[in-house]
Amino acid sequence: MKKITFILVLFFSLSIAVAQTSCATAVTVALNSTTTAPSFTGENGAAPTQLCGLTQGAGTKGKWYKYTATQNSTITVSTFLAQNNNSDTRLIVYSGDCAALVCVGSNDDYNGSYSSQVTFAAISGTTYTIAFDNRYSSAGFDFTFMEAAPPGPDRLSFTSQAVAGITGGYNNCIVDMNGDYLDDIVSAVDATHLAITYQQTGGTFSTTTYTVPNTSVLPSWSIAAGDYDNNGYNDLVYGSGSGVVFLKANATGTGYTIDRKTQNYLVQRTNFIDINNDGKLDAFACDDNAPNRYYMNDGTNLTAMQGGIGDFPSGGNYASNWFDYDNDGDVDMYLAKCGQGGSGVGGNIDMFLKNNGDGTYTNVAATANMANPEQTWSGACGDFNNDGWMDVIVGVNSNSNGYTNVKRNNGDGTFTSVTTGSGYDTNTSLGREYVAQDFDNDGFLDVLGSGSNIMFGDGNFHFTPNPNMYIMSAYDRPVGDLNNDGFLDIQNGTNVLFNNGNTNKWVNVNLQGVQSNKNGIGARVEIHGSWGQQIRYVQSGTGFQNMSSLMAHFGIGQATTIDQVVIKWPSGIIDTINNVTPNGNLLVVEGSTLAINSFNNGVFSIFPNPTKNVINIQLQNNPNVTLTSAVVYDLTGKVVLTTNEVSQPINVEKLATGTYILSISDTAGKNYPQKFIKE
């Protein structure tokens, strides 16, 4: 009898081992249960190879479990249990089927222990796969699979809605694509098709699919948008594992040509940014395996360059954020790194690149206290305490060298960690997407980061998560105002999380550059009122891989007036608009608020001014400049006249009485503005 019992028990144990051998044979785990995972010794379970941000390589064996959610809920998987006696475990959670697993979360060494824990938002009907490996230990362990009880009402809620027309596998771009200053949704369908879901007045959408020449590259790692030829329609850059491609909009925004660069390299974050401040957008691409690449715009072509901006020899460059950290008027760059290391030679740590004002950059990370050793795939950059200086929340994708780090800008070129007491000192969730926006319009920046949640800021470096997790992707989640209601929405695949809002007030600021690049990328936008000041920098490409709106969005809480909106353009021009009414969209054309005689472009002057019939152009003594064409804008940014005959008087007789901006281009593609009055 004992012999029979022994055989039956042995058969049962072997059944468990077989069931855990792979994703396809994963054991179903019950909600609110504790499961005993036996020792890896003697088993042949396949180790997970998709590590979802974990470092140190894969184990040799794995244990696999699965769960299909019956309702939306928050789930925590944990080995942080007394009975495990600090057993060294490593945990990964996936969604999707075994042939195409999608990373949901991962953890190693939870809360200072060797245990592991992942909390995630489970979506009803979705199957989740839970995998452990033996990278550090083959000992058995227990793990709990628990549903969190709803802790209270949402601080800010969203309504998830499917949007017809969003298609394809790459849905991580929100930006205005047709020049109407309403955010649209860009979908890279495949290598020969681009779908744009245009926002219509009233909050509806209309999708157009464009056939494009074969890009051979898709935005598998990042996408960015900007009008690099200054024709009024945004262009795109895709970053993938084999390089970059540019999609250039035609003169009417109804078709696209491509410029596939021949350099073959593993691209991470891409941006459009005017690196040399000549009024034309250049492009920047983080290289995972070598010094970064960038593409300088000569007015006709984007020419590939390498080195000089973040030159870590082995790469590991993951996210580039461009803003002016020292308030000296030019744009610097915070470069987040993938690897982790110390401050010694070869330490793969974050860089902080100061713009020297002459087209060169110096890494000042060590002296600025921004040589962060954490594995930082991206960081949320913004003025979190509204003192006029840009701060950084160093997001962490692997906890090998610590957790999220909150860095306050001291205003003297240095940063101080203020993580203790910030709320991030107890937030151990990991992720690669961190962006700063004011989602609840209270006047203080929040952070959309790890853990499928928003950390709401209070203006004093204290951050509080929403009581209930939001149901959204961990990665593809660009931000914009997709129903023009003044509250920021989040795209989530083919759905949009529409912000349900509150009674707080807001203003959206859109820019149209004349001497600066058309988008105003790199401009500093300030609003002033009873709260003091708030600032935003217009950026193309934030976080790790998404493209969010180029609009500068501000919440102002319950304030009823905005005393001033100030735009400090890359050109140095400063526009000031007084007494702005909240809850509206503001379009500012570069130079539109300046007096007639405020311009000094150093190239030409015009007469007579004011004028009734014609404008005469008088060249100044500048033999290196040859003027080619002219565009006249009204103060709403609308083009009202164009001409290539700049050597002759420009006839403006048919223009309505009012104030206009004349922008003349030279052979290098640089623009020079001058304001005039038509009588």
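## Cavities

By the grid rule applied here, the count comes to 6 cavities of 30 Å³ or more, a cavity being a set of points, on a 1 Å grid over the protein atoms alone, where a 1.4 Å probe fits but cannot get out. The model is a predicted one, in which local features need pLDDT of at least 70 and side-chain atom pairs count only at pLDDT 80 or more, while totals for chains, interfaces and linings use all residues. Residues are numbered from 1 along each chain as its sequence is written, and side-chain values use heavy atoms, with hydrogens and water left out.

## The largest cavity

The largest cavity has a volume of about 340 Å³, where volume is the space filled by probe spheres set on the points, joined across faces, edges and corners. Its lining (residues with an atom within 4 Å of a point) has 26 residues, of which Ala436, Gln437, Tyr537, Gln539 and Thr542 are the closest to its centre.

The lining divides into 14 nonpolar, 10 polar and 2 charged residues, with Asp, Glu, Lys and Arg counted as charged and Gly among the polar ones. Two or more residues each come from β27 (379–382), β31 (435–437), β40 (532–537) and β41, and β27 gives the most, with 4 residues; strands are DSSP runs of E, at least two residues long, numbered from the N terminus.

## The sheet with β41

Strand β41 also belongs to an open sheet of 3 strands, ordered β41-β38-β44 with mixed pairing, where two strands pair if DSSP finds at least two bridges between them. The edge strands, each pairing on one side only, are β41 (552–557) and β44 (584–589).

Strand β38 (residues 505–512) runs parallel to β44 and is joined to β44 by 6 bridges, and Asn510 stands opposite Leu587 in β44.

Notes. 1 Å grid on protein atoms, 1.4 Å probe; cavity = no way out; pocket = protein on both sides within 12 Å on 5 of 7 lines; lining within 4 Å.
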